[in-house]
Amino acid sequence: KSLRGSTPVTTPRTPRASGTPRTGQMVRITVCTPSKKAVALSMRPEDKIGKVREAFAKLHKQDNKDNFDLVFKNQMLLDYHSIEQSGIYDGATLTVIGHEACYIVSTWQDRIDCRRLKHGARVIDAGTGACRCVFDGHEDLVHSAVFSPDGATLLTASKDQTV
């Protein structure tokens with residue numbers, strides 16, 4: 001039988017969003033820290049977010065992959081979801097939250113003798129609980145402490161009206 005003049009049969013294709021990876025293909029992801037340090041990764045769509053975190057931690061020489069979270073389109077990513085489930089596409093940029101060191105400032109007072117108190121502030125590493133440094137010298141209660149935007153300087157204010 002001749003096929004001349006017959007209509008060819010085609011299978012309809014499901015439209016794919018631009019950049020949506022197919023299973024087995026690699027997805028290029030950029031992971032960016034708040035300080036604008038970036039790491040480029042190539043992962044499979046079926047890889048879990050936990051694997052992305054491990055790869056970033058290894059390339060960024062992080063001892064602990066649990067001291068930061070990954071965010072994509074203002075959503076925190078879950079380790080047990082795959083790249084595809086998380087809606088991450090080829091060329092996407094993920095943001096690292098909590099990558100930089102985290103410190104807590106606590107104010108304190110110690111009794112020097114029965115009449116005098118010593119006042120100051122301590123900087124504590126939130127991850128380990130270790131005291132990083134002690135600031136003293138105020139003669140009255142320290143009521144405020146704040147880090148500079150770059151995190152290099154700590155400013156304390158006291159009831160003795162000194163800064």
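Colleague: Let's start with Arg28: buried or exposed?

Modeller: Arg28 is exposed, at 53% relative accessible area. Exposed means over 50%, buried means under 20%, and partly exposed is in between, using a 1.4 Å probe and protein chains only.

Colleague: Before I go on, what sort of model is this?

Modeller: It is a predicted model, where local features need pLDDT of at least 70 and side-chain atom pairs count only at pLDDT 80 or more, while totals for chains, interfaces and linings use all residues. Residues are numbered from 1 along each chain as its sequence is written, and side-chain values use heavy atoms, leaving out hydrogens and water.

Colleague: Good. Which residue forms a salt bridge with Arg28?

Modeller: That is Asp90, with the closest N and O atoms 2.6 Å apart. For a salt bridge, a side-chain nitrogen of Lys or Arg must be within 4 Å of a carboxyl oxygen of Asp or Glu. Arg28 is in strand β1 (residues 27-32) and Asp90 in the loop between β4 (75-76) and β5 (92-97), so 62 residues separate these distant parts of the chain. Helices (H or I, at least four residues) and strands (E, at least two) are DSSP runs numbered from the N terminus. Asp90 itself is partly exposed, at 27%.

Colleague: How many salt bridges does that rule give?

Modeller: Six. Among them, Arg53 pairs with Asp69 at 3.6 Å, N to O. Arg53 sits in helix α1 (residues 49-59) and Asp69 in strand β3 (residues 69-72), so the pair ties together parts 16 residues apart in sequence.

Colleague: And which other residue forms a salt bridge with Arg53?

Modeller: Asp79, with the closest N and O atoms 3.1 Å apart. This pair links helix α1 to the loop between β4 and β5, 26 residues apart.

Colleague: Which residues are linked in a network of salt bridges?

Modeller: Arg44, Glu46, Asp47 and Lys51. Two of those names, Glu46 and Asp47, come up again as contacts of Ser82, along with Pro45, Lys48 and Ile49. That list leaves aside neighbours within four places in sequence, and contact means heavy atoms within 4.5 Å. Ser82 is in the loop between β4 and β5 and is buried, at 7%.

Colleague: Last one: how many residues has the largest nonpolar core?

Modeller: It has 19 residues, and those with the most contacts inside it include Ile29, Val52 and Leu94. A nonpolar core is a set of buried Ala, Val, Leu, Ile, Met, Phe, Trp, Tyr and Cys residues joined through side-chain atoms within 4.5 Å. The elements giving two or more residues to this core are β1, β2 (38-43), α1, β3 and β5, and α1 supplies the largest share, four residues.

Colleague: What does Ile29 touch?

Modeller: Not counting residues up to four places away in sequence, Ile29 touches Val39, Ala40, Leu41, Met43, Ile83, Ile88, Ala92 and Leu94.
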